[in-house]
Amino acid sequence: MRGLLGTLLGLPLAMMLCGLLAAAVPVDWRQWLVPLMLLSLLVWAALIVLAGLARTPWRLGAGLLVANGLAWLLLQTTSLYGGA
Amino acid sequence: MRAATLKRHIDLHAWVGILAGLALFVAFFAGALNMFHHELHHWQEPAHDDAGPARDASLQALLDTVLANHPEAGQRMYLIPGDDPSAIWRDTVDGEPVWRTEHAGDFNDAGENLAVEGSGLSEFVNQLHYELALPKVGIHLMGIVSVLYGAALIGGLLIHWSRLKKELFALKHQGNLRRYWKNLHNLVGVLSFPFHVIFAWTGAAMCCVALLALVMSGLVFGPQFQSAFTEATEAWPTPEASGNPTAMAGVDRYLARAEQALPELEVGWIELRQYGDENAVVDVGGSVHGNVGHYAHVVMRGDDGALLTTTGPGNRTLNDRFLAPVYSLHFGDYGGLLVRLLYFVLALLGCLLFFSGNIMWCERRTDRQGPSRAAAVMLRLTLGVTFGVIAGLAVSFLISKPVLYSPWSAWTAPAERIAFLVTLLIALAAAFRAPPLTTARLGPLLCAGLYGLAPLVQGAFEGFGGWRDPDILLVNGALWAVAASLLLVAGLRGRRQRRAAPHPLWTGTARAAAGAAADPA
């Protein structure tokens with residue numbers, strides 16, 4: 001159950017965390033999109049491993065949902081989505 | 001690491017392994033044979049008469065013939081040079097893109113295509129490797145499986161890090177059977193860990209592209225992602241047709257221009273886009289040897305061959321610097337035959353890793369929780385899939401030549417796939433009927449026999465003199481190496497069985513396993 005939650009909810013979280021990194025680094029994300037995508041795979045796999053450490057599945061699910069929500073809100077403060 | 005944390009890591013490692021293990025076994029076993037994809041392509045063809053009419057045909061003649069038969073093929077086509085040059089072009093059937101392949105040898109002097117559908121072994125093995133031969137969904141499934149595999153590797157490293165040195169020398173033929181499997185699993189996993197990281201990461205990168213693009217464009221970058229992705233991953237943007245037909249410079253001019261721009265390039269293919277249109281673009285691609293990321297491109301205009309861009313080692317963007325090694329690291333085509341042979345051995349060892357991982361999970365679960373249907377079913381499923389896939393591919397090889405040289409040669413490719421599927425289903429049914437120990441005893445021996453026989457059948461139909469051909473020799477050698485590996489596994493299993501009683505799960509007396517939990521030694 002933990003692994004399943006980590007796999008499903010870890011994917012969007014990994015992508016959004018990498019998006020936040022892209023927003024933080026002062027280099028146009030288009031110039032390093034491929035390394036960013038490779039990194040996002042590593043982050044996704046790491047999140048699955050971290051998900052396995054949770055004490056209970058419901059805590060993990062709630063934690064991942066909150067983390068996804070927070071990451072999404074933070075992304076809205078950047079100019080990444082649809083930006084020129 | 002605290003005991004509770006370690007236990008959670010082990011549980012996750014086991015869960016991920018069980019979920020992804022069988023799919024990875026199929027991918028690794030097919031991947032081992034796929035290391036010789038080009039040679040297999042040669043192996044599957046009917047033995048040629050060297051005085052064949054079109055073997056010296058030029059790429060330009062092939063291009064002209066294909067365009068005369070299919071004018072739309074110029075929108076996107078790859079020309080592959082070689083003894084028998086081929087053209088791979090994109091057709092559209094019911095709105096869906098379909099790739100067609102035609103060889104120079106398929107055409108007579110009048111430009112009529114006389115080709116008869118033949119064997120599709122190399123394509124089938126490749127499809128099994130990257131999509132489990134499941135069209136459309138298979139590649140995405142394998143992408144997720146690759147990420148889970150990566151998670152299992154990270155978890156495995158965390159589990160074993162503190163006792164790495166001790167466990168590296170712990171493979172002994174004494175003690176209980178489960179300990180032996182565990183040590184073997186750890187030894188293979190630790191020794192080949194760096195290569196498994198490469199396989200998992202590059203495999204996930206190639207199979208998850210669509211999934212990542214979907215999520216990244218939807219959540220992070222928006223609609224601009226697609227154009228940025230295309231720009232980051234393609235040698236040159238896809239041109240739009242202007243509708244104005246123009247004379248093209250011709251293949252010889254493109255090759256001369258590429259040699260001038262990048263003299264060390266060994267041409268592997270020529271990609272044509274909108275050929276015949278004034279916006280036509282030609283990409284002469286291939287390898288610059290001596291580099292891990294060895295792929296290179298010389299892109300030029302189609303009408304006058306004017307250079308547009310050159311991409312290769314020492315002349316790459318940051319994106320291309322990361323992208324170029326992904327394919328070559330995964331397939332090991334950067335270092336010659338020795339590296340490919342190493343990858344072949346590593347892939348077979350990977351099969352042993354996934355097989356032993358599943359067996360350990362079944363026995364561990366039975367020991368800890370008592371006899372369970374889940375453990376019994378997983379053990380039989382593992383045995384059925386393992387020997388079914390190994391035997392299935394062997395049968396595909398075995399029937400390939402007899403059907404190819406029969407009056408039903410056009411049915412060779414479907415027959416190979418049907419033979420695989422039927423063998424897999426028979427093996428699964430047998431695994432669920434017979435005691436697991438019987439399957440484990442007979443499976444490797446039977447499969448070894450089939451792999452030993454396949455080159456003999458090929459030789460019987462095409463002449464044993466053909467074995468002197470390096471490509472044929474390499475494929476036949478790989479089949480015999482698989483047979484030898486299976487005999488080695490059978491020998492190890494027999495040796496273990498003589499020294500220690502099998503786990504009750506294997507004999508179908510799993511209830512006794514409840515007692516084993518109290519006496520783990």
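## A helix in chain B

Helix 13 of chain B covers residues 336-369, and its 34 residues should span 50 Å at 1.5 Å a residue; the end C-alpha atoms are 49 Å apart, which agrees. The expected span here is 1.5 Å times one less than the number of residues. Helices are DSSP runs of H or I with at least four residues, strands are runs of E with at least two, and both are numbered from the N terminus.

## About the model

This is a predicted model, in which local features need pLDDT of at least 70 and side-chain atom pairs count only at pLDDT 80 or more, while totals for chains, interfaces and linings use all residues. Residues are numbered from 1 along each chain as its sequence is written, chains are lettered from A and ligands numbered from 1 in the order in which they are written, and side-chain values use heavy atoms, leaving out hydrogens and water.

## Chain A on its own

Chain A has 3 helices and 0 strands, running α-α-α from the N terminus. Along the principal axes, its C-alpha atoms fill a box of roughly 40 × 25 × 15 Å.

## Where the two chains meet

Let's turn to the interface. Here 39 residues of chain A are in contact with 40 residues of chain B (heavy atoms within 4.5 Å). Together the chains bury about 3400 Å², 80% of it on carbon and sulfur atoms; buried area is the accessible area (1.4 Å probe) that two parts lose on being put together, summed over both. On the chain A side, helix 1 (2-24), helix 2 (33-51) and helix 3 (57-76) each supply at least two of the residues that touch chain B. Helix 2 of chain A gives the most, with 14 residues.

The chain A side divides into 29 nonpolar, 8 polar and 2 charged residues. Ala, Val, Leu, Ile, Met, Phe, Trp, Tyr, Cys and Pro count as nonpolar, Asp, Glu, Lys and Arg as charged, and the others, Gly among them, as polar.

## Transmembrane annotations

For chain A, an unreviewed UniProt entry lists "transmembrane region" at residues 32-53 and 60-81. UniProt positions follow the numbering used here, feature names are shortened, and annotations may be inferred rather than shown by experiment. Residues 32-53 of chain A are 86% helix and 0% strand, with end C-alpha atoms 32 Å apart. For residues 60-81 of chain A, the values are 77% helix, 0% strand and 28 Å.
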